[in-house]
Amino acid sequence: MRSANLIRQALLILFFVAIGHNALFARTFDEIIAYVNDSVITKWELENVVKQRAMELQTAHQFSPREAMERAEQERQELLDRLIRQMLLVETALSLKIEVTDEEVEQYIQNFKKNAKIETEEEFIEQLKREGYTLSAFREQAKRNLMAERLLMQRVLPKLQVRDADVMKFFEENREQFTTKTDEVHLKHIFIAFKASEAKRQAAIKEMDAILNEIKIGKSFAELARRYSDDEQGQERASSKVGELIQWPIAEISNLSQPFRIALSTLNAGDLSDPIEGNDGIYLFNVESKTNQTISFRYLVIHLKPGEEAIEKANERANLVLQELRQGTDFNTLVNQYSDDLETKSDGGNLGVRSLNDLNPNTRKVIEALAVGEYSAPLKTPHGLHIFTVDSRTAVELTEAEKEQIRLVLREQKFQEGWQAYTDTILKGAYVKINPIK
């Protein structure tokens, strides 16, 4: 039972702690660290607990021996507090006469030997001697540990129930830990472009004509692309770069932006496209090969770079859109009136269904905060401003394995809270005096 295992793990710290008056007489004159009712905790006992913690960090968390001991030393005060609380748990269990059978004690010891990889009884006794224990003393402590475990099962275990609502609440509050689990959203947008002046557009057309003339006399497309192109958004084009040979699956052409989609769906192997004007510039494509599965091509782009005046005008138009949205104007109506995205304008700005994982970080941050029907403030990109709205949202579904993983985390949290609360209650009625740790 996993809940019982949580309790058992909490009591492991007591395995090699001396058992009050049953400790070897050689420890009688050891320095006393704390008084707990009629018992004491000695420096030797606390050192043992620190060493156990260091061993746990090595075996369970892959700490190096030095790092494990440094961390354990940092936790010394916390370990002492935990030791005090667990001693009081054992004392409470004894006072309540919690029953444990000899068979349960024997099974407990066998489990301990198995976990410690001790194969024979002789090896076990020898190990106890090295730690300063007799077999009878260890058996007595095992019984007390079981009594404390049973006490916790009675007082804390009933509070470890985790509801499905708790699981989903944890997921919602810790989404960043589930990187593969994101909602899908149906997005629409209004795109306000940073429109370059007509003079800049004509200059770009003139430059593209010069490139075409050089291609006609046999100049290398790749060389011309490197010379003329300034592809500021190259990495957004399917990790492509201007002038380089790109291989792209035919089946995924429809996912590309308008200039790419127009060229790659119409050109054949060996074709050179006419100049294609997009929102951000004028493109030229050269297809080198094409099959039913893939297309290999190169491209270059002459960007239409907007000036400050164009950016200011775009901001003014975006603010007009926001004003009308606030006044209740239908989003689709505003798409038709204001959007510069020719690809989506006729379809109400529809961008389709997207996983939040597929969005770039800046866009995702904006979209993730939107409820269905809400619209965003204008989001600036290199070529314009986007005002997004979420038309619908499909919540992510967790697998049963993922839900169980969350349940385990929540049970652990609940156990720690329950253990803390119950031992706080015991502490209130106990006499505890801690001497300064030297």
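This briefing describes the overall make-up of one protein and several of its charged side-chain pairs. The model is predicted. The protein has 15 helices and 11 strands, and the structure holds 28 salt bridges. Side chains of opposite charge can pair when their charged atoms come close.

**The protein as a whole**

- Of the 438 residues in the protein, 43% are buried.
- The accessible surface comes to about 24,600 Å², and carbon and sulfur atoms account for 49% of that surface.
- When contacts between residues at least 6 apart in sequence are considered, 69% join residues at least 24 apart.

- Asp81 and Arg85 form a salt bridge through their side chains, with an N to O distance of 2.9 Å.
- Both residues belong to helix α4, which covers residues 76–95. Because they are four residues apart in this helix, about one helical turn separates them.
- Asp81 is partly exposed, with a relative accessible area of 33%, whereas Arg85 is buried at 6% relative accessibility. Arg85 counts as buried because its value is under the cut-off of 20%.

- Arg227 is partly exposed, with a relative accessible area of 44%, while Glu214 is buried at 13% relative accessibility.

**Charged residues of helix α15**

- Lys403 forms a salt bridge with Glu400, and their closest N and O atoms are 3.7 Å apart.
- Lys403 and Glu400 both lie in helix α15, three residues apart, which corresponds to about one turn of the helix.
- Lys403 is partly exposed, with a relative accessible area of 22%, whereas Glu400 is exposed at 52% relative accessibility. Glu400 counts as exposed because its value is over 50%.
- Salt bridges with shared partners join Asp164, Glu404, Arg407 and Arg411 into one network.
- Arg411, a member of that network, is located in helix α15, which spans residues 400–428.
- The side chain of Arg411 makes a polar contact with the side chain of Glu404 at 3.4 Å.
- Arg411 has a relative accessible area of 18%; this value is under 20%, and Arg411 therefore counts as buried.

Definitions and conventions
Residues numbered from 1 in each chain as written. Predicted model: local features only at pLDDT ≥ 70, side-chain atom pairs only at ≥ 80, totals over all residues. Heavy atoms only, no water. Helix = DSSP H or I, 4+ residues; strand = E, 2+ residues; numbered from the N terminus. Buried < 20%, exposed > 50% of the residue type's maximum accessible area, 1.4 Å probe, protein only. Polar contact = N/O pair within 3.5 Å; in protein donor to acceptor, adjacent residues only side chain to side chain. Contact = heavy atoms within 4.5 Å. Areas by Shrake-Rupley, 256 points an atom, 1.4 Å probe, with all protein chains shown as cover. Salt bridge = Lys/Arg side-chain N within 4 Å of Asp/Glu carboxyl O.
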